[in-house]
Amino acid sequence: MPAIQEALARDLGRNYVETSILELGNSLGDAKTVYDNVSKWAKPDSIPWQLNWFAMGPKVRKEPKGVALIIFPFNYPVWLSLGPLAGAIAAGCAVVLKPSELTPAYSALIAELIPKYLDPELYTVVNGAVPQSTKLLELPWDHILYTGGGRVARIVLTAAAKTLTPVSTELGGKSPVVIDSNCDLKVVGKRLMWGKTANAGQTCVAPDYVLVEKSFAPALVQACKDALKEFYPDGAEKSDSFSHMISAGHFDRLKGLIDNTKGEIVYGGGANKDTLFIEPTLVLGVDANDSLMSEELFGPVLPIVLVKDVDEAIDFINARDHPLALYVFSKSSAFKAKVLDNTQSGAALVNDVLVHALVEGFPFGGIGPSGSGAHKGKFGFDMFTHLRPTLDSPSWVEDAHELPLPSLHAKARNIEWMMVPSLPARPSGLPLVGGGKTANRWGVWLLIAAAAAGVGLIRARRSA
Ligand code: NAD
């Protein structure tokens, strides 16, 4: 474990404790869940009993897909390699791991450790950059798991299309945070700033930007400043608990976005290229066309977008790609429900950030442009497992089996419907349009309107 912590301290300047909690604990948790449950998951599944098919003993076998390629990014390389690897091993797949060229210490370490502990015939690491990845992608695979950004995902999917290789994508995007003025402000400040500064914001589910009402924004900014003061009393640059940007390229990209913002930098803004340091930075009054809204930030910068109300916040989110995570801070059940019921995202957390990635039993994945497929624990096993339906049809079912044969079509006329399931009867009453509650409410209004019309009619007749 210290070797891994040391490697990530070298690659990312990351504190050992952060690596333990966010990566090692998560990877070991995944491995343990898989180890404890694989014999149960790998058992064939029965299907619901059906008169037509029970005699054939239908079962769904769990079989390895075959040889898998796992391409993973720099930011959480331990969890994003060892977590899915555990699922793939449990499923019975052979695996090639392709680490990021941006984490040379971890990539070298894993290349040394994997053959020491796993059969090198079945599990191997291929290090390198674009040329090596390109070569790997020319090969036919039985499954590819690609974790990284959308730009490279398009390259991977295009290459995989040539060999019809199935691909799961774990991508990123701009994960929004909606903040209600009715919230526990101190908790919001701490959790939001933790999510934004862990790994210097280089987290796929980091809060990317905030949506908040204008009148509440100053209080929110103060809560964030208070939290940062508590985290880094002498400033983040001097702290040994604050990571640096992974590369000069990523530093320049984020610095450029900060330099071009039209928002007001109300905290931070400092940077040092020599140490790849970017200060935790709060930017107030950022609009939809700002540089900071043009791409996933992947760094410790938080744009604050001012909105009129929660409806505007929801419209803002829905006008963009479905995010990998969506966060809501509120004490109001109605506010929380409104945001969750009217948006889509890979995951949705209320009054917290990031921690869903650590919860055993949760799938981890996106939706649409933030990814397809999910891993972690059982979901990693499922990703690399082929569900193979099987049955063993005995001769004594032949009488029934002959029904579809052309020679028996005449005889089978009128009884062929026995083989075709009937649909449930149409429900009586008003159709449920837009969900039960709304429809019922419409039903009540219709009844009231009909009653009022009836009363009106009777009165009109009486007075005539
Ligand atoms: P990246 O897309 O630059 O690289 C990811 C991997 O792709 C690396 O292994 C890299 O070597 C490889 N690669 C790079 N160019 C390639 C090419 N032309 N052909 C084939 N492979 C190539 O991503 P990154 O900068 O390392 O990571 C950041 C991105 O990853 C962010 O968008 C983040 O949100 C996302 N991410 C997603 C998850 C998730 O689970 N959904 C987790 C972590 C990071």
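**Exercise 1. In which helix is His250 found, and which residues does His250 touch?**

Solution. The model used here is predicted. Start with the helix: His250 lies in H9, which covers residues 248-259. Next, set aside residues up to four places away in sequence, and the contacts of His250 that remain are Phe74, Leu102 and Met245. Finally, compare His250 with Lys229, from which His250 is separated by 21 residues in sequence and, C-alpha to C-alpha, by 26 Å in space.

**Exercise 2. Describe how the protein chain is divided into domains, and find how far apart the domain centres are.**

Solution. Begin with the bounds: domain 1 is made of two stretches, 1-172 and 376-388, while domain 2 runs through 176-360. Then take the centres over C-alpha atoms, which places domain 1 and domain 2 29 Å apart.

**Exercise 3. Work out how much area domain 1 and domain 2 bury between them, and which residues of domain 1 lose the most area.**

Solution. The accessible area lost when parts come together is often used to give the size of an interface. For domain 1 and domain 2 this buried area is about 1,800 Å², with 53% of it on carbon and sulfur atoms. On the side of domain 1, the residues that lose the most area to domain 2 are Leu12, Phe74 and Gly172, which together account for 25% of what that side buries. Counted by contact, 22 residues of domain 1 meet 21 residues of domain 2.

**Exercise 4. Identify the polar links between the two domains, and the helices that supply the domain 1 side.**

Solution. First look for salt bridges, of which there is one between domain 1 and domain 2. The side chains of Lys376 and Glu360 form a salt bridge, with 4.0 Å from N to O. Among the helices, H1 (2-12) and H2 (16-41) each supply at least two residues of the domain 1 side that touches domain 2, and H2 gives the most, with seven residues. Sorted by class, that side of domain 1 holds eight nonpolar, eight polar and six charged residues.

Technical notes: Residues numbered from 1 in each chain as written. Predicted model: local features only at pLDDT ≥ 70, side-chain atom pairs only at ≥ 80, totals over all residues. Heavy atoms only, no water. Domains from an automatic or database assignment. Contact = heavy atoms within 4.5 Å. Buried area = accessible area lost by both parts, 1.4 Å probe. Polar contact = N/O pair within 3.5 Å; in protein donor to acceptor, adjacent residues only side chain to side chain. Helix = DSSP H or I, 4+ residues; strand = E, 2+ residues; numbered from the N terminus. Nonpolar A, V, L, I, M, F, W, Y, C, P; charged D, E, K, R; others polar.
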